[in-house]
Amino acid sequence: MGKQGRKRLVSYALFLAALFQCRFLAFAILDPLDFLALQLIRKSMNDLPGSSFFASWDFTSDPCNFTGVYCESDKVIALNLGDPRAGFPGLTGRLDTAIGKLSALTEFSLVPGRVFGSLPMSISRLENLRVLAITRNYISGDIPASLGRLRRLKTLDLSYNRLTGKIPRSIGTLPELTNVLLCHNNLSGSVPPFLSQALTRLDLKRNALTGSLPNSFSPSLQFLSLSWNQLTGPVDSVLSRLDQLSFLDLSFNRFTGPIPDRIFSFPLTNLHLQRNSFYGPVQPGDQVKISTVDLSHNMLSGRISPMFSTVQNLYLNHNRFTGHVPDSLVDRLLSASLQTLYLQHNFLTGIGINPTAEIPQSTSLCIQYNCMVPPVQTPCPLKSETQKTRPTSLCNEWKG
């Protein structure tokens with residue numbers, strides 16, 4: 001072989017070595033601790049039948065190309081486990097403690113599936129975590145108080161699991177929280193103060209929470225749902241400050257006291273206060289622009305305000321309202337602007353509807369079991385009182 005040939009051979013060998021090195025680096029670029037953590041997480045979980053999420057998790061290739069894994073430089077910064085598309089099967093198994101080794105992780109989510117066991121304490125080491133979303137699985141046990149170390153956390157979603165115990169007060173101290181969703185668990189104890197001035201969504205419905213509400217919710221709250229708990233006490237001082245609310249649901253609790261008139265001027269689309277023990281008159285200061293207002297099954301009294309005539313769905317049934325139904329409500333009902341008007345089981349004495357009036361088919365009116373004979377017969381909910389009129393003796397008792 002001549003000199004020129006040898007030069008070409010050496011150049012080719014160097015080229016192959018460089019190519020091999022580049023390919024090797026492409027597969028070995030990930031930090032070894034992150035690589036090992038992903039392996040352990042994979043070993044602890046499997047696809048449910050019909051799911052193929054882990055099909056791309058071949059550890060002879062670059063883990064940064066795995067489905068659900070997102071890297072920056074040599075670190076994993078986001079891990080989204082499972083196919084998020086609706087109706088797709090999720091994963092099963094346990095969440096390995098190795099999740100705490102992904103030190104640069106800013107986002108971790110686990111889609112609905114059958115992952116069981118407790119939340120690993122090691123999650124508390126993820127100081128950069130901003131989103132923690134493990135929802136609609138079978139996670140059980142307590143919420144670790146050490147999650148209070150995640151000072152950069154913005155979204156905490158542990159909804160639809162089997163969590164028990166109290167909501168750690170340390171969670172409420174996280175300064176950057178914007179969304180907290182712990183609904184549909186078995187959490188008990190009181191609602192802790194939430195001190196974040198950025199909090200916009202708090203959803204704790206369908207738990208077993210007790211006690212009164214803390215007077216420390218940020219005015220930034222836009223969505224507050226505490227329904228189906230066992231919460232007690234007055235709420236007027238708590239709610240009066242939350243003038244950015246667009247959705248409020250306190251239904252199915254044991255709240256007492258008056259409903260603050262001020263909340264009817266908030267930018268709400270839905271107001272659900274039914275099935276409590278609120279009492280006293282309800283007198284909004286201006287026309288109510290809330291689409292749905294449900295104040296049913298309380299102990300509210302006095303006359304029905306004409307300011308409710310601009311509501312689309314109004315539920316005032318099972319209270320202690322008296323007097324005549326405002327004509328403005330009747331006019332809106334007959335024009336089909338007011339779609340639902342439930343007034344049954346009160347102490348009302350009159351409503352200005354002509355017996356020959358035609359109630360629009362798109363509307364629903366129920367006025368039975370009041371201190372009057374209903375001028376029109378309309379279908380009421382199946383569980384309503386079967387008697388059309390409240391007995392005179394009860395009406396006289398209420399007057400007296």
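Ala, Val, Leu, Ile, Met, Phe, Trp, Tyr, Cys and Pro count as nonpolar, Asp, Glu, Lys and Arg as charged, and the others, Gly among them, as polar. Keep these classes in mind for the legends below.

The views show a predicted model, in which local features need pLDDT of at least 70 and side-chain atom pairs count only at pLDDT 80 or more, while totals for chains, interfaces and linings use all residues. Residues are numbered from 1 along each chain as its sequence is written, and side-chain values use heavy atoms, with hydrogens and water left out.

**View 1. The domains of the protein.** The domain assignment, which is automatic or from a database, gives domain 1 (28–109), domain 2 (118–256) and domain 3 (275–399). Taken over C-alpha atoms, the centres of domain 1 and domain 3 are 56 Å apart.

View 2. Grid points are joined across faces, edges and corners, and a volume is the space filled by probe spheres set on the points. The count comes to one cavity of 30 Å³ or more, and the largest cavity has a volume of about 40 Å³. Look for I367, Q368, P374, V376, Q377, T378, C380 and K388 around the largest cavity. By class, this lining has four nonpolar, three polar and one charged residues.

**View 3. The largest pocket.** Unlike a cavity, a pocket is an open set of points with protein on both sides within 12 Å along at least five of seven lines. The largest pocket holds about 240 Å³ of space. Its lining has 14 residues, and the closest to the pocket centre are R275, S296, H297, N317 and Q344. Sorted by class, the lining has four nonpolar, seven polar and three charged residues.

**View 4. The salt bridge between D31 and K75.** A salt bridge is a side-chain nitrogen of Lys or Arg within 4 Å of a carboxyl oxygen of Asp or Glu, and the structure holds five of them. In this one, the closest N and O atoms of D31 and K75 are 3.8 Å apart. D31 lies in the loop between α1 (3–28) and α2 (32–43) and K75 in strand β3 (residues 75–81), so the pair ties together parts that are 44 residues apart in sequence. Helices (H or I, at least four residues) and strands (E, at least two) are DSSP runs, numbered from the N terminus. D31, with a relative accessible area of 18%, is buried, and K75 at 17% is buried too; buried means under 20% relative accessible area, exposed over 50%, and partly exposed in between (1.4 Å probe, protein chains only). D34 joins D31 and K75 in a network of salt bridges.

**View 5. The salt bridge between K154 and E176.** The N to O distance here is 3.2 Å. K154 is partly exposed at 33% relative accessibility, and E176 is partly exposed at 31%.

**View 6. Strand β12 and its partners.** Two strands pair if DSSP finds at least two bridges between them. Strand β10 (residues 162–166) pairs with β12 in the parallel sense over three bridges, and G165 has L187 as its bridge partner in β12. β12 also pairs in the parallel sense with strand β14 (residues 208–211), over two bridges, where L209 is the bridge partner of G189.

Terms used:
On a 1 Å grid over the protein atoms alone, a cavity is a set of points where a 1.4 Å probe fits but cannot get out, and a pocket is an open set with protein on both sides within 12 Å along at least five of seven lines; lining residues have an atom within 4 Å of a point.
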